[in-house]
Structures are given as C-alpha cells and as structure tokens.
Amino acid sequence: ATRTIVSNENVFVSPLIDSIARKHHISYEEIARIPGTGTKGRLRKKDIMQYIDDGRPF
Amino acid sequence: MSKYDVIVLGSGPGGYVTAIRASQLGLKTAVVEKESLGGVCLNWGCIPTKALLKSAQVFEYLNHAEDYGLKATGVDKDFTAVVKRSRSVAEGMSKGVQFLMKKNKIDVINGFGKIKPGKKIDVDGKEYSADHIIIATGARSRELPNLKQDGETVIGYRKAMTLKEQPKSMIVVGSGAIGVEFASFYNSMGTEVTIVEYMPHVVPVEDEDVSKQFERSLKKAGVKVMTGSSVEKVEKTKSGVKATVKTKKGEETLEADIVLSAVGIKTNIENIGLEDVGIVTDKDKIIVNDWYQTNMPGYYAIGDVTPGPALAHVASAEGITCVEKIAGMHAEKIDYSNIPGCTYASPEIASVGMTEKQAKEAGYELKVGKFPFSASGKASASGAKDGFVKVIFDAKYGEWLGCHMIGAGVTDMIAEAVLGRKLETTGHEVLKTIHPHPTMSEAVMEAVADAYDEVIHL
Amino acid sequence: MSKYDVIVLGSGPGGYVTAIRASQLGLKTAVVEKESLGGVCLNWGCIPTKALLKSAQVFEYLNHAEDYGLKATGVDKDFTAVVKRSRSVAEGMSKGVQFLMKKNKIDVINGFGKIKPGKKIDVDGKEYSADHIIIATGARSRELPNLKQDGETVIGYRKAMTLKEQPKSMIVVGSGAIGVEFASFYNSMGTEVTIVEYMPHVVPVEDEDVSKQFERSLKKAGVKVMTGSSVEKVEKTKSGVKATVKTKKGEETLEADIVLSAVGIKTNIENIGLEDVGIVTDKDKIIVNDWYQTNMPGYYAIGDVTPGPALAHVASAEGITCVEKIAGMHAEKIDYSNIPGCTYASPEIASVGMTEKQAKEAGYELKVGKFPFSASGKASASGAKDGFVKVIFDAKYGEWLGCHMIGAGVTDMIAEAVLGRKLETTGHEVLKTIHPHPTMSEAVMEAVADAYDEVIHL
Ligand SMILES: Cc1cc2nc3c(=O)[nH]c(=O)nc-3n(C[C@H](O)[C@H](O)[C@H](O)COP(=O)(O)OP(=O)(O)OC[C@H]3O[C@@H](n4cnc5c(N)ncnc54)[C@H](O)[C@@H]3O)c2cc1C
Ligand SMILES: Cc1cc2nc3c(=O)[nH]c(=O)nc-3n(C[C@H](O)[C@H](O)[C@H](O)COP(=O)(O)OP(=O)(O)OC[C@H]3O[C@@H](n4cnc5c(N)ncnc54)[C@H](O)[C@@H]3O)c2cc1C
C-alpha cells in the first residue's frame, strides 16, 4: 500500500514509542508526521517501526 | 419470512454478546440456538467448572482449618451437592442470558439452524433472512480414534461435570486448561488422578517456568503426572478401565475407574450449510478476515468456529468487533498478541504475550524478572506462598513482551498486564505505579523491578 | 564515629525500603530502629491484620460449607491460635527484613535515635554521622482526650491484635480502614461489634456508593453501625465499659466488654531532635518538598511522619524517590492523585483517584459507569456476588478520574486502574482491552462500557 504523507494531528506517544524515538533520535516533530494506525489514528509501535524500517521517509 | 438486520447462529459467549452489541447499535437481531442459551461457556465450560473449582477451594480450606487457627471435625464433601451447585449456577447464568435477550429485544429462535444461500437461515424447516448472518456455532470435545468417548468409561468434559458418582480414580488425557482444571478439581475431592500429557511439560502453552512450577504443585497435591506420554489404548475392565500408555521408557498400564479425554476441541461446522453457501473452511475452521467476514459476502463467523484461541473472551470480542464494523463504526482490529489466557486450577495460572522461549526465538534480547510469592507479605498473611510473577521485556526498547503468573488469584491480576501492554507501557511506568500494600499485585511491580535489578524484597 | 552516606531513622516500610534502595544505588547505609525491624506495617499494621482477616475469611467458609456442597461439623475458632498465627506471620516478615538488611549490607543500629545538628544521630549515647539523614519514624495510635487508651477497656490497634481473650462485645470508634478491618474480623469471630463513626457514612474517604454498600454489608453481617455519632465518655463497669454516645437523635448508652479506638494516627516527632536541628513541622507532620527534603539541608523525611496519605506503599515510594534523587538519578515525583487505597475487610474495598463527589466539585462533567458483581459469571460461580466496580471519567477528554471497587478480591484488582491512569488511558482503551473470562476483573471493562452505554451484561 502507498503511504500518504499526512501530519498526524492526534499524536499519542506511548511510553514505548517514546523509548523507541529516543533510541533513534526521532524528534516529536518527526513523530507527528508518521501515520498512525491505532485508535483515532494514534501511533502504535508497529507504525514507528515500519517508519524506521522504511528508512524514515519523511 | 421474518427479515432481520443480523441473525446470529449460536448463542455462546460469541453469539449472545454479538447479538446484544448488534441490538445496542440499532440492528434488528435474532439469535438461533438449539440448546440452552449461553453455549458451552455458560452451560458446559467456563462457568460450571469455576463453580466446581470454588467448591474444591473451599474444601481445601476446610481440610486445612487448623493452619488458620480454626477447627472443623466432620469435614466432608457431598459430591452430588457439589455438582448440583455447579449446575444451578450454570442454569442461573443461562436464565440471565434469556433476560438479556428480552431486555435487548433480541428474538431467540429455538432449533437447529442451517445457513442457506441468499442470506437465509433454515431453523427446523422455518426460514429467516438477514442482511448479515454471523456463524457462532462453537465447538465440542474432540475425539481421538483410540480414545472414543462412550460416556461411561471414557468421557468428555460434559460428562465430567455431571457425574452421578465420584470416581475413585481417574486418568486425565491432556493437560491443557480443561484437563488440569478437572484434574485439580477431582484431586481436591479425593479422587486419585493421573494426568497423561503428550508434550514434555504440563500446560504446554505456558512459559516453561510456569509449567514446571505447576507440575511441582500438582505432584505436591498428590496428582500423578506422566509427561511425554500418550494413551495408546483403553480397554474396559470389570471395575473400570485399563489404559495402555506409551511413555519415554516404554509401555505402562494404568488402571482407573474412568478416563477423561481433554485433548482439544472439534468445531461445529458439519450440517450447518457451509457447503451449500460455499463458505471456505480450512483445518476444521471457518476462514475469516480481520473483520470476521467469510469468503461469502454477508456471512461472518466468530468464536471457536474460527482460527485463533478458543476462549470465551475472544469469542465475545470478535463478535463485538464484527458487528461494530457491520454497523459502520470505526472498529478496532483485535490484537491477537495481547489475549490473556487463564487456568483456574490450584494454583491458578494467567498469562499474556510471549513466553521467554518465544521471545528468544523471535530474536529479542531480553530483560526477565521474576518475583516469587514466597517473598510477598500478603501471600504470607494469606498462607498462599506458592507461585510467582514473571515478566519479560525487550532489552532494547523496553517493550513488555510477556507476563506469566502462577499462584492464588492471579487470574484476576493479569488484566493489569493486558492493559499495560495495550497502552504500550515500558517497564518503567509499571515500576513507578504505586501498587497497594499488602497485595499479591505488588509482585507485578517487584517482578519488573527484578528485571531491571531494582527489586526490593528479594 | 561511624560515617555513612545515608542513615535512615526508623525501619518501617518507609525506612527499610529506603535503606535497601540506597544500598542498591551504592550508598553506604545504616538504619536505626528501637523495636522490631519492619515498623508498624510488618509488626502491628498491614501484615498481622491481614493474617487475622484471612483466618476470618476461612472461618466464614467453614460456617458456609453447605453453600458449596460441603460439610463441616464441630466448626469453631481457637482465638488464641488465630492471634498466634498472626503474630508468627509478623515475626516471619520481620526476620525477612533482617535478612534483607544483611543481604544489602545495611548496618542495623538498635536503639532510640535522636538527630543532632551537623548531620549526626545519637543512638542511646553513641553518635553516628551521615551525608544524608532520612527521618522515617512513623506514627502511632492517636488518643482522644475523652478516649484515653488504658490498654484494658479502651485499647488501640496493637492491643486489639494481641488480646488474650476474645471479647464478647466491642465498640469500635472510627470507621476508617483500621476500624472496619477490626470490626470485620471480630464480627466474623463472633464478637458483637458496634461501630461509632462521627461522619455521616462509614469508610468516609470512599465514594459514597461504596460507603453505602459497605454499610449494608456490615449490617447484613451483623455489625451495628452508628454514623453521625461520637463517643462522649467511657466509663469502666464491673464487666467492661459503658460508653455515652452522642447521636443525631440524642444521647445513647452502649455497654460492651471493650472499646477499640481507631480514630487516626499521631506522628512520632517528639524527642527525636527536630527542635535541636531546627526542622519545621506543621500540624503534627514534618514539612518536606517534592524530594522529601526538610527545611534543613541533608535532613529528609518520608512516610507517615510527613503529610500525605499514611499508607505503607506511600512510605516506600517516598523513600525510593528520596534516595534516587539523593543518588543523582533522574527521579520521578510521586503523583499523589494516583495512590490506591485498600481496606481488607469483608467485603474488600479498593479505590484510586477522585470520588464522584470530588470530581463534580472539581467542576468536571462526568461519565459514570457501574457494574455489580451480581451480574458477573465468576462472582456467581464463586458465591461472591456482593459489590461492584464504579468508574468515573471526564466526559470532555475521557480521562479516568476515579475507580472504586467493593467486593471479593478487589484489593488485587485496583492495580489495573492505577497503571491505566498512570499511562493516561481513556475509557476506550480499557474497553478494548480483552479481559479474561470468567474473572472478577471483567467488571472493570464492563463498568467502563456502562459509562459509555455499551455494557453487555446489564
Ligand atoms: C470445560 C471447559 C471449560 C472452559 N473454560 C473456559 C474458561 O475458563 N475461559 C475461557 O475463556 N474459555 C473456556 N472454555 C472455552 C469456551 O467455553 C469457548 O471458547 C466458548 O464457549 C466459545 O464460544 P462460542 O460462542 O464460539 O461457542 P460455544 O460456546 O460453543 O457456543 C456455540 C453455541 O451454538 C449452538 N449451536 C451450534 N450449532 C448450532 C446450530 N446448527 N443451530 C443452532 N445452534 C447451534 C450450540 O448449541 C452452542 O450453544 C472452556 C471450555 C470447556 C469445554
Ligand atoms: C492496624 C493497622 C493496619 C494497617 N494496614 C495498612 C494496610 O493494609 N496498608 C497500608 O498501606 N498501610 C496500612 N497501615 C499503615 C501503615 O502501617 C503505615 O502507613 C506504615 O507503617 C508507615 O510506615 P513508616 O515507615 O512511615 O512508619 P512506621 O511503620 O511507623 O515505622 C516507623 C519505625 O520507626 C521506629 N522509630 C520511631 N522513632 C524512632 C526513634 N526515635 N529511634 C529509633 N526508631 C524509631 C519505630 O519503632 C518504627 O519501627 C496500617 C496501620 C495500622 C496501625
């Protein structure tokens, strides 16, 4: 599936995502750009891992 | 011909919950059931077994009254009364579902339902139609060819919870949740119980530490455990049965009054019209997508009849998800990696997520913590020091990969781990969540602390 | 003169836990204690009372054996043995702390400690110094002027858990956790118990629904409850006491064997050198900041001796936070709005966050949900249908403002709510967290569903 670049307005940073982001030096601004697949578009672990695996495209 | 928005075939915890949620969402709903409302769970599964196990627990207390500074002389069980209590609890629950059906204005159609093309259901000759047909016909006890259930010497779970007389000795084949719950119950009641398990450990889906601890507890309680073994043959004798068991060391013969076969389930997919409609099944299960749609539009399936863990809470959650999607809600897919499993034997077992072995095999580097109840103040005060909480974290990001508990009351404690994992916690938050003292639940916090070398009471 | 990094004054759940954490963090640590290790909690509080209450619970089972299909004749309690068991559990725990002190290489200094200027402590004439002195001297039973404890007819909690003979009748003054736990214990043992509570409801800190349900349960169990009442005067009689109680309707006289005063605590701040050092106290408490520093650098205070809820888990958490900060860790401030409180009476009570009244007063618009255990399958199977789970959400943002539980085993269930709130969940996640069936914990999910009009089993 193609991933559209949208700003994730409902950015919910779970402790786990926070931990992953820190390890990879991903800023909150960058986090906010990752599309979330959780409830109401919230970011889940798999979303940020996918984003990292994709080479942080945006 | 009556027309519904939704017809649910089967009224187990899958079916009746689905029907209630559908009705809440404004859908005109009917449920078809050939037996008592509530399915296996309420009538022959979750509920009546827990009632039996409660009697067993109380019986243990009676037998150990002195440990608590108390006295009781003529302690005995009335097996018939224990069974009767269990049946009356089950009946009460089934009546409760009846009430819920009425309250939610759901039509209950009694009889054997068979789905037909064109989104119709035939119930004993009468036809009903719906926009959405949800199959929730569940499952029954699986029969092995060399362990045919005759209802007398080789029995399944239904018979095992309604025996007229308590057997003096029993062979339980299979040590999954159902097998060990019955083994635990009958052992507490004074039956001589032998468990025969094919796998190298009892409760083989659990973390190995849990399996080992559980086996120790079973043996301490007097249950004979044969792992890596299988029943080859069962013969009737004058007084009961003779079972030929293949063990690692060769063949062994066991004699007992009765054999309980608890080797898994077989889905109810026969004669319900799947072939007529053209619904695809595989390995005894109806194949569905994330929203429980079968390959045929308008036909859905949930619960034991589909792949995934055969558990009541899964059946209910699947049904809710299925109708929320049908109703056009922003439904949420079920995360099958976060389903708790519980065994209500003595001691209880509860777990969620990966076992240590699974996590290692998945390539994670781990932080593992364990806190035994022997170090818990509440457990000491309660005289329930057996067991532990084990937690497994990914060392890299701190993800809570798995939580495994064995001990008194743990089936009510696992929810914390399930919610924590749902909210993508790391160990840190659990550790800094102030757990009340003195409780068994402190063991969760301490186990996490142990994983991070911060444990206090070890 | 021995020099330490940290000296902790008092070895309760505040002090000894602080010492262990300090030692883990590489600090050379000593703890000063004038009595048994473990403080009130292990010796005279949390643990021995829970042991007594466990005996009471088992006694209830013995008395209701028939409800479970069981038989027991000659059911009786051996009051002395019940007390003895409680004492031996407490002693075991205290020994456990001794072991932990050794294991963590913490010096235990026996004696009465008095802090001195220059970060010194005098213990019965010997002086010790440290870079950091942490005061954790705890509290004792509070005495009211008209309810002087003579240890015979008017007693405090220590005496109440070590009585040589079981009183036939008892007046319990105060219905906080301690009061009702003793009331529940003695009532189960067969003592005629009357509770006198000044506030309009028993367990007055709890949500009103919980208080009312608890009062109903107490009365059903045979406890006499006088709310809105206060003991004016207690006179010795030949056989016991005569208490004059002021009620809403006027004065009443009660006769009983004994009076238990459970009207709160008084901190141990006398004669420990606070004035010499110049440490500020207010309303009987040592004043500290978020990191438990007193006004004097190098002097800290934690636990019952400081403001905030007088609970063991709070004392421990404060101590850990205090030394983590001292050790230069990135410590986390305690969120006092997320502290669970538990009462281990029959039925149990557990709660966290705001009551409905508090939430309304704080100006929130609410979504309130409630699920009674009478509708829970597990509760039916266990014969424990009393009680409920109540949840309170902010209607606007969905914040979980409070959770209040009453019923069997709820003290082990509240952790889910505490962790959920810590992780700032909304109701939605709790609702979509698949709780295992059949458990009491399902009631949490169902209560949340009720708040959002999605409840299934009501
Ligand atoms: C002894 C035992 C103990 C268990 N304990 C637990 C436990 O503690 N926790 C847990 O989570 N799970 C437990 N389970 C499993 C649990 O019972 C099942 O997972 C659950 O019942 C599955 O629900 P379901 O709605 O899919 O199907 P079922 O409960 O099997 O319900 C199916 C219903 O459909 C009806 N039906 C089938 N075909 C037709 C037809 N053609 N027409 C009309 N009606 C039809 C059946 O009569 C039945 O009522 C236990 C199972 C057993 C056997
Ligand atoms: C009957 C009862 C039941 C309770 N049940 C619970 C419960 O279930 N859950 C819960 O969370 N809380 C419970 N509590 C409250 C709990 O016991 C206290 O909150 C807790 O013990 C406070 O810990 P602490 O370390 O601050 O003080 P303490 O436990 O009071 O310990 C202080 C220690 O300091 C020592 N000390 C004092 N002064 C000196 C000195 N000058 N020199 C040397 N040593 C000194 C004392 O001897 C004592 O050992 C209960 C209390 C009571 C009375």
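A residue is called buried if its relative accessible area is under 20%, exposed if over 50%, and partly exposed in between (1.4 Å probe, protein chains only). The model is predicted, so local features need pLDDT of at least 70 and side-chain atom pairs count only at pLDDT 80 or more, while totals for chains, interfaces and linings use all residues. Residues are numbered from 1 along each chain as its sequence is written, chains are lettered from A and ligands numbered from 1 in the order in which they are written, and side-chain values use heavy atoms, with hydrogens and water left out.

**View 1. Ser86(C) in helix α4 of chain C.** Helix α4 spans residues 79-103; helices (H or I, at least four residues) and strands (E, at least two) are DSSP runs, numbered from the N terminus. Ser86(C) counts as buried because its relative accessibility is 0%. Leaving aside residues up to four places away in sequence, Ser86(C) touches Pro48(C), Ala51(C) and Leu52(C), where contact means heavy atoms within 4.5 Å.

**View 2. Helix α14 of chain C, mostly covered.** Of the 10 residues in this helix (442-451), 9 are buried. Among them are Glu442(C), Met445(C) and Val448(C). The cover over the buried residues includes strands β24 (366-372), β25 (388-394) and β26 (400-407), and helices α12 (414-422) and α13 (427-431), of chain C. After α14(C) comes Asp453(C), with a positive phi near 55°.

**View 3. Chains B and C about their axis.** In chain B, the residue closest to the rotation axis is Glu416(B), at 2.1 Å (C-alpha).

Definitions and conventions:
Copies are superposed by least squares on the C-alpha atoms of residues with pLDDT of at least 70 in both.
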